[in-house]
Amino acid sequence: MRVLKKVIAPVLAVLLFAALSCGLPGPAIADQRDGPIDVSVTIPGAASQSDEFDVKDSEFRWGVNTESSSGAFEPGTCNFLSAGVAADSGSSRHWTQPDGLYAAKSGKTRIEKPDASGKWIADSWSGRCKDATGRTVGTSVAEAGTGAQIVIADGQGKVNPKKRAAEISWKGSFTVAMYNGRTYWSASDPVLKVAGGKGVLTATLSGFGSDMNDTSKWEPLQATTVTLATLPNVSLGDKGIVTEPAYSGVKVEGVDQVRTGKFWGAFPKDFVDFQTTTGQGSYWYSSGGFRDSAKVPSSLYVSYTADNLIVPKVSSEPLAEAETLPDSAPEGRRWAAELPSTDAKFPPSLLSTGGSSRNGPWGIGSGAGEGTVLGSDPLPAGTVLTTTASTLAAANWLGGSLIPEAMKLAADHRDVLLWSLAGLLGLGGFSWVGFRRGWLIWPFSQDKR
């Protein structure tokens with residue numbers, strides 16, 4: 001009994017202390033009747049703000065695609081982004097710094113790219129063809145480009161997360177230049193519209209018509225509003241939007257689109273139609289080249305306010321060096337055609353006998369697709385083909401391997417190879433048991449008689 005009391009007494013003390021701490025009725029509370037007790041109660045009511053809100057300094061950020069900031073197939077050239085609408089260069093030629101055609105900043109638009117520490121910095125004329133490590137970007141399968149992005153500030157509009165709707169517009173322009181400016185186009189005043197979680201990004205496009213088969217062609221194009229990207233899945237987050245434009249599996253008619261492989265697809269139809277007039281058509285849909293993966297659109301970033309930006313994180317680790325031809329390749333190591341000087345005309349059949357090449361205008365394709373001159377037809381004067389160039393193209397096509405036929409043979413006869421290997425293993429196991437048990441004997445171990 002004494003033991004029981006010793007156990008019960010502490011337990012009752014603990015329970016009484018807990019009751020007092022939690023505010024439950026008890027003797028101590030019953031005695032507190034001398035004055036009123038202040039109690040504060042908050043009753044939730046209707047939201048003080050509507051579900052829709054205004055944005056006044058939204059930020060637009062987009063890299064277009066990897067190809068827009070990678071090396072071009074003319075030695076010593078690259079593709080790059082420029083702020084503002086580029087003026088008329090007068091012909092299909094390379095830009096130079098004194099031209100004043102390039103700009104890292106124009107109005108509310110700027111071009112940024114990551115540096116070696118992973119920070120976003122302003123791009124520049126001297127750095128437009130270099131990645132974060134200072135390496136000149138190339139044209140290999142693994143090439144990731146400079147990582148440059150277009151940034152446009154002070155977007156205005158409305159966002160309604162409850163209805164999954166938004167409309168934001170920006171006053172700013174950017175230019176996408178290919179082959180150091182031999183062909184380029186500009187986009188002005190992008191507008192993002194979202195309804196029911198699906199969006200569309202439009203802009204007014206302008207530029208100049210060119211032709212890889214006739215570089216004397218150079219004519220202003222009529223400005224027209226087109227769809228830069230369709231956005232099938234837009235989530236209106238607390239800070240803004242991060243979404244992937246549609247591309248994979250998108251069909252586009254009227255062009256030589258290749259609809260096989262992992263990276264087949266296209267930008268919107270009206271955008272591709274416009275690009276066929278600039279000479280860049282096959283840069284914006286799958287054409288069967290080894291750089292098709294670089295055509296896939298980059299992620300689109302939209303921040304509601306400049307005080308709470310969505311900025312993509314960049315790894316500070318050095319990128320792996322991609323294989324590519326040097327800027328000034330020696331004789332015998334050029335690509336499949338000898339390229340003329342900046343102001344001279346291209347050979348009429350620069351790997352194409354009509355239409356766009358497999359890897360874009362002025363491009364040297366990795367394989368002999370439709371329209372190339374890598375066939376039995378005689379080559380025009382001025383065209384130089386080398387075995388080394390073809391070997392290099394094949395190496396790039398397979399990511400560095402020089403035995404594509406062997407790889408294809410292995411893939412096509414995988415089942416036969418696997419069954420053959422299984423048979424060899426079984427035969428080897430039987431032979432091992434046979435020799436151990438004496439069923440089989442080595443010829444050289446028999447007694448000579």
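Start by selecting Ala83: this residue stands opposite Phe174 in strand E8. Strands here (E, at least two residues) and helices (H or I, at least four) are DSSP runs, numbered from the N terminus. You're looking at a predicted model, where local features need pLDDT of at least 70 and side-chain atom pairs count only at pLDDT 80 or more, while totals for chains, interfaces and linings use all residues. Residues are numbered from 1 along each chain as its sequence is written, and side-chain values use heavy atoms, with hydrogens and water left out.

Now show E2 and E8 (residues 173-178) together: the two run antiparallel and are joined by four bridges. Strands count as paired if DSSP finds at least two bridges between them. Buried means under 20% relative accessible area, exposed over 50%, and partly exposed in between (1.4 Å probe, protein chains only).

Next, pick Cys78 and Cys129. A disulfide joins them, S to S 2.0 Å; the term covers a pair of cysteine sulfur atoms within 2.5 Å. Cys78 sits in the loop between strand E1 (53-62) and strand E2 (80-83), and Cys129 in the loop between strand E5 (120-122) and strand E6 (149-160), so the link ties together parts that are 51 residues apart in sequence. Check the torsion about the S-S bond: -60°, a left-handed link. Both Cys78 and Cys129 are buried, and the structure holds one disulfide.

On to helix H3 (residues 269-278). Select Phe271, Val272, Phe274, Gln275 and Thr278, its buried residues. Just after H3, click Gly279 for a positive phi of about 95°.

Finally, the cores. A nonpolar core is a set of buried Ala, Val, Leu, Ile, Met, Phe, Trp, Tyr and Cys residues joined through side-chain atoms within 4.5 Å. In the largest, with 49 residues, Phe174, Trp185, Leu205 and Trp284 touch the most other members. E11 gives the most to this core, with five residues. Another core lies apart from it, with 13 residues, including Phe80, Ala86, Leu101 and Trp218.

Last stop: Trp185. Leaving out residues up to four places away in sequence, its contacts (heavy atoms within 4.5 Å) include Phe174, Leu205, Phe271, Phe274 and Trp284.
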